[in-house]
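The sequence and model come first, followed by the points by topic.

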Amino acid sequence: KAGMGPTAARRAAAIQVRIFIPSMGIFKGMLVKKRTRNGAPIELPWSMQKVKPSTHPNRLPGGFILINKYKVHPSSANEMIGKKLDPASKDPSEKGFKVRIAKPLTALVIRLWETLGVPADLCEQYKTESVNPDRRNHAWLVGVPDPTGALPPDTIFVPGIKKQRPYDIFVTRMPCYAREHGRKFGAITQKPHRMSDADWEWLNNSISFGVIMFSNPRPGKISIPERIANGDLDGDLYLVCWDKEVVDSMTATPLVDEPAEDDGKLSTVDSNPNWFHEAQDVNFDKVKSEHSYLIGTLYRLAEKKADQSEKKLDDPDSRALYEAYNDALEYQKHGRRIRLPRHLIDELKPQLRPLVQPLD
């Protein structure tokens with residue numbers, strides 16, 4: 001129960017876990033509530049496997065599950081929004097609502113909306129009004145796979161938004177620095193053809209507001225999250241907006257099937273005899289300090305280029321700087337190379353230029 005009481009445990013729709021099973025490996029990701037009558041109580045897809053099974057002849061039997069108690073969903077903020085959306089629930093007080101939901105939309109989300117065609121004055125109006133319960137038509141929801149396996153390809157479902165008429169939903173995740181990082185979906189308001197009546201009833205009445213469910217990809221194709229700012233289902237939060245005025249004003253890039261590069265199973269990685277020294281280089285205090293400074297510099301320059309351009313996030317210099325910013329974030333975890341066009345490297349301070357490789 002991850003430190004929760006029985007009521008909160010029953011309300012939980014998804015939990016972030018780390019599972020250690022010597023005979024199977026180490027698994028990492030989200031477990032979502034599922035309606036099951038038969039079969040294993042926990043299903044582990046190969047995409048969750050991060051380390052292969054132990055080869056030790058005397059490996060330990062059984063396994064262990066660690067639950068991240070800070071990644072149990074829905075969050076308290078989304079519980080409050082869910083009450084507002086539920087016609088059967090009493091509306092939350094404005095004071096209690098604002099205590100849990102205090103942060104306005106970030107500047108990066110607003111830039112993306114403007115890039116997609118939402119007028120700047122509407123963006124600012126919604127940003128200001130959305131801190132109040134009456135206009136809070138967005139939430140940060142954790143991404144999970146479809147537990148029924150019956151949603152049509154390239155669709156999503158958000159439990160808790162109980163509307164009868166068709167409507168559109170906008171979805172993105174951070175950092176959302178490119179046009180194709182924002183997607184629009186038609187909300188599913190009627191039972192899909194392949195879904196049973198029992199599963200449809202269960203989805204609508206047994207899952208709390210706080211998750212966004214992604215349909216399974218077509219065979220050989222990448223998933224929807226991977227086509228939304230390279231997301232995944234290991235605890236990523238997705239901004240979901242259903243405000244009609246905002247969503248109707250934007251033109252998002254349609255989803256296009258992209259081939260998967262692998263089958264989702266963990267591949268064997270060659271041993272690196274220099275791994276310890278390379279890890280020291282990445283984590284050395286001076287290097288970490290320089291890269292932290294570089295991260296902030298790249299982000300501020302990308303913001304400046306986007307704000308100065310009529311193209312917003314479509315501006316090529318802004319896009320290149322945001323890509324480098326994202327690579328710089330990944331460098332501290334994976335050592336990914338940071339690259340920029342030469343004319344943008346020249347805009348960096350001299351001490352930062354050696355950290356970046358030229359693109360051209």
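Phe20 has a relative accessible area of 30%, so it counts as partly exposed. The model is predicted.

**Sheet**

- The sheet is open and has four strands, ordered β3-β2-β1-β4, with antiparallel pairing.
- The edge positions are taken by β3 (49–51) and β4 (64–73); each has a single partner strand, so one side of each is left without a neighbour in the sheet.
- From one strand to the next, the twist averages 20°.
- Strands β1 (residues 14–21) and β2 (residues 25–32) run antiparallel and are joined by eight bridges.
- Phe20 has Ile26 of β2 as its bridge partner.
- In general, strands of a sheet pair through backbone hydrogen bonds, in a parallel or an antiparallel manner.

**Cysteines**

- A disulfide is a covalent bond that links the sulfur atoms of two cysteines.
- The structure contains zero disulfides.
- For Cys241, the closest cysteine sulfur belongs to Cys123 and lies 9.9 Å from its own sulfur, which is too far for a bond; the cut-off for a disulfide is within 2.5 Å.
- Cys241 has 0% relative accessibility and therefore counts as buried.
- Cys176 also counts as buried, because its relative accessibility is 0%; the cut-off for buried is under 20%.

Key:
Residues numbered from 1 in each chain as written. Predicted model: local features only at pLDDT ≥ 70, side-chain atom pairs only at ≥ 80, totals over all residues. Heavy atoms only, no water. Pairing = 2+ DSSP bridges. Helix = DSSP H or I, 4+ residues; strand = E, 2+ residues; numbered from the N terminus. Axes fitted to C-alpha atoms, helices over the stretch in contact; angles between N-to-C directions. Buried < 20%, exposed > 50% of the residue type's maximum accessible area, 1.4 Å probe, protein only.
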